[in-house]
Amino acid sequence: MQRIVMGLLMAIAVTGTAWAKDEIRASSTTNPPPSEALGQFDRFELKPATLATDYAEHPANKEALVAFQRNLDERVGAWVTEQNAVAAKNAPARTLVIEPTIEKIRFISGGKRFWAGAFAGSSQLLVKLKLTDAATGTVIAEPEFYQHAKGMAGAWTFGAADNTMLVRTASLARDYLQGNHATAQGSTTGWEQD
């Protein structure tokens, strides 16, 4: 009986911790447009993704950063390579620096998902892209992208939903760059208000 009570108390503690940390949100449902169309730039430089200091020491967050970088390289990196292959319109060529930062994260690792299942809570991710004119240092835009994976979805998929959240966030970043290339129009952040 004591083991059952301890198990219930532990599940409640894990769930309570998960609920307390489920405060990650985008500031809005939409990103404003950049100050100019991104097609005005000739070259694009994608910097490696970083983790905000408050989240940088947790092992699961470090694991998520590696996976997010891989997805970012596959999506945004491929777009950057494609754009950089086009002949420059400006002399000297204008370069846009793209700096991705994981501002906030709660990533449920595969091991934690295996042992705690849905009780481990939801995974959540908020990424900011800082787009800067390399020549002037002017910030052109700072869009943010939010995604999550509900605890039950993570449990049913044995953590695949948690990892897919990273893919979707990298795709939102690429969509922003593509969608604002010809005209500055903004985009969705990926967050839908409840």
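**Group meeting: strands, helices and confidence in a predicted model**

The protein averages a pLDDT of 80, and 72% of the residues score at least 70; pLDDT is the predictor's confidence in each residue, from 0 to 100. This is a predicted model, in which local features need pLDDT of at least 70 and side-chain atom pairs count only at pLDDT 80 or more, while totals for chains, interfaces and linings use all residues. Residues are numbered from 1 along each chain as its sequence is written, and side-chain values use heavy atoms, with hydrogens and water left out.

I will stay with confidence for a moment. Within the protein, the highest confidence is in strand 2, at a mean of 98, and the lowest is in helix 4 (residues 151-156), at 41. Helices (H or I, at least four residues) and strands (E, at least two) are DSSP runs, numbered from the N terminus. For residues 114-120 the model has 17 contacts beyond four places in sequence, and for residues 150-159 it has 18. Contact means heavy atoms within 4.5 Å. Where pLDDT is low, the predicted coordinates should not be read in detail.

Now the strands. Two strands count as paired if DSSP finds at least two bridges between them. Strand 4 (residues 95-106) pairs with strand 2 (residues 43-46) in the parallel sense over four bridges, and Phe-44 stands opposite Leu-96 there. Strand 3 (residues 50-51) also pairs with strand 4 in the parallel sense, over two bridges, with Thr-101 as the bridge partner of Thr-50.

Strand 4 pairs with strand 5 (residues 123-133) as well, here in the antiparallel sense over 10 bridges. In strand 5, Leu-126 lies opposite Lys-104 and Asp-133 lies opposite Leu-96.

How many of the 11 residues of strand 5 are buried? Nine are, so strand 5 is largely enclosed by the rest of the structure. Buried means under 20% relative accessible area, exposed over 50%, and partly exposed in between, with a 1.4 Å probe and protein chains only.

Strand 5 is joined to strand 6 (residues 139-141) by two bridges, and these strands run antiparallel. Ala-141 in strand 6 is the bridge partner of Leu-131. Their hairpin has five residues between the strands, and Gly-137 in it takes a positive phi near 80°.

Next, helix 2 (residues 59-84). Together with strand 3 and strand 4, helix 2 makes a left-handed β-α-β unit. For reference, a crossover is right-handed if, with the strands pointing away from the viewer, the path from the first strand over the helix to the second runs clockwise. Helix 2 has a kink of about 35° centred on Asp-73; the bend at a residue is the angle between axes fitted to the seven residues ending there and the seven starting there.

In the loop between helix 2 and strand 4 lies Pro-92. The peptide bond joining Ala-91 and Pro-92 is cis, with omega about 0°.

Is Thr-169 buried or exposed? Thr-169, in helix 5, is buried, with a relative accessible area of 0%. Leaving out residues up to four places away in sequence, Thr-169 touches Phe-68, Leu-125, Val-127, Phe-145 and Gln-147.

Ala-182 is in the loop between helix 5 (160-179) and strand 8 (187-188), and counts as exposed at 67% relative accessibility. The C-alpha atoms of Ala-182 and Gly-39 are separated by 5.5 Å, although the two residues are 143 residues apart along the chain.
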